[in-house]
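Hi,

Here is the structure we talked about. My notes follow below it.

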Amino acid sequence: MKLKRVLALTLAAAMTFSLTACGGGSDEGTASAPAAETAGDDEASAPAADEGSSDDAAEAAATDSGVPGYLDIKLGEDYTNLTTTIKFLHCRTDREEDGKMAELIAAFNQDYPNITVETEGVTDYAEDALLRLSAGDWGDVMWIPAIDTKELSSYFLPLGSLDDMSQELNFMSAWSYDGICYGIPVWGNAQGIVYNKRIFQEAGITSLPTTPTEFLEDLQIVKDNTDAIPLYTNYAAGWTMGAWDAYVGIVSNGDNTYMNQKFAHTAAPFEDPGDDTGAYNLYRILFDAVKNGLIEDDYTTTDWEGCKGMINRGEIATMVLGSWAFSQMVEGDVHGEDIGYMPFPMTVGGTQYVNAGGDYNYAVNVNASDDNKIASLVFIKWMIEKSDWNVFEGCYSTWKNGTNPDMYSAFDGCTMLTDEPAIAGEEDLLGEINAESELSFNAGGNSKVQRIVEAAATGAESFDDIMNDWTDVWNAAQDELGIEVNN
């Protein structure tokens, strides 16, 4: 079992997606929720977590040096004369290249002129950040990669209690442990589909689809009436295929307790409910689109960077990606006004549900100096509550009082939910069954989704063959881990 677990965790280390995504490099994935433990040889390569609890770590941080909690800092009033240099490690290489990161830092320095922020964008972030973390060579602020939540206190400064932080901030549960927060989402992502509004109009589509069947019908209409690729799979990039996992749970069944509390206990999570809902019909969209020729001519040659201009120009009609991708498609060429973002086409009991959750999370190095810890907290708070970077990127504000972009007008009438955290004592259960089954939902399980494309294109397997196989390995993992199963 250990070998199987390490292999799965290595995959998770290569890319975590669900709701998280980077924008500029070749490893642009979505990783909002902790996926699994850090990969290593026989044991995790990163240092093991301290024996003490996260509550102990929080208490120690509150008493050892006077470093404030995140909520205690008042922007523009506190620490305006603090002088130090901090380093910020992230994956948005595109924002380093286009000058946006420098613009943000310059605006921060208008309020805090004596805090110098050195930034480094890393292309292969999901893997490189883990290596930097284990070596201690990363700086003061980073976006948390895929580690075991039990290890959070070994690396990162406790920021406050989950209850208190959740009063002012959204999406706070993903990187918390024992009721203590160690990370704060850069922003939130809603899970839908990016599309070209002009192509839909030219095809004669007058209303957005609300079910998998309607969406597949619309893709056929696009093919019949335009020259655009109806659905671009982004197969070759690999990490992009993990986007499909984000719709398991809330979007496909309307239950915000399902993903983290029920999924691992479900006996047959991939069977067809018979009403165009559930994980079965979610992935069926992809299978049927490929089988019916509603994708690019050669899925093995898709181009992630190139697709941004293609959808902007109307050469692509739709792509299944989180809302983080919206701004990149708008900037892909000169027709940004044609880019739209729609809810995922699934309706449960008459309601369309939207899953919104945090993206990568800011975290502070627990081993930094006190001045650098404070400066890092000030910087993170300013980025979240004052920069409006989320609006620029088309993402939900982490701060409850923040501004949200107007790109979400198509979500009016939908019910937006966020996944509830795991119940006490089962915080690591989803990661464990993901690793044991090697399916890795929302944790870099891109190959299982690529398998759907390959099977539909070649006829090597039926869709039901794949779903039955997933069920078999899921049930075997439940047996191996001794998980109580509910029918």
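Which helices each supply at least two residues of the lining of the second largest cavity? They are α11 (258–262) and α17 (429–437). Helices here are DSSP runs of H or I, at least four residues, and strands are runs of E, at least two, numbered from the N terminus.

First, the ground rules. This is a predicted model, where local features need pLDDT of at least 70, side-chain atom pairs count only at pLDDT 80 or more, and totals for chains, interfaces and linings use all residues. Residues are numbered from 1 along each chain as its sequence is written, and side-chain values use heavy atoms, without hydrogens and water.

**Cavities**

The structure holds two cavities of 30 Å³ or more. A cavity is a set of points on a 1 Å grid over the protein atoms alone where a 1.4 Å probe fits but cannot get out; lining residues have an atom within 4 Å of a point.

α11 gives the largest share of its lining, three residues. The largest cavity has a volume of about 60 Å³. Its lining includes Tyr232, Trp244 and Met319.

**Strand β14**

β14 covers residues 361–364, and both its faces are covered. Asn361 and Ala363 on one side are buried, as are Tyr362 and Val364 on the other. Buried means under 20% relative accessible area (1.4 Å probe, protein chains only).

β3 (141–143) pairs with β14 in the antiparallel sense over three bridges; pairing takes at least two DSSP bridges. Tyr362 is the bridge partner of Trp143 and of Ile184.

Best wishes

Note on methods:
Buried means under 20% relative accessible area, exposed over 50%, partly exposed in between (1.4 Å probe, protein chains only). On a 1 Å grid over the protein atoms alone, a cavity is a set of points where a 1.4 Å probe fits but cannot get out, and a pocket is an open set with protein on both sides within 12 Å along at least five of seven lines; lining residues have an atom within 4 Å of a point. Grid points are joined across faces, edges and corners, and a volume is the space filled by probe spheres set on the points.
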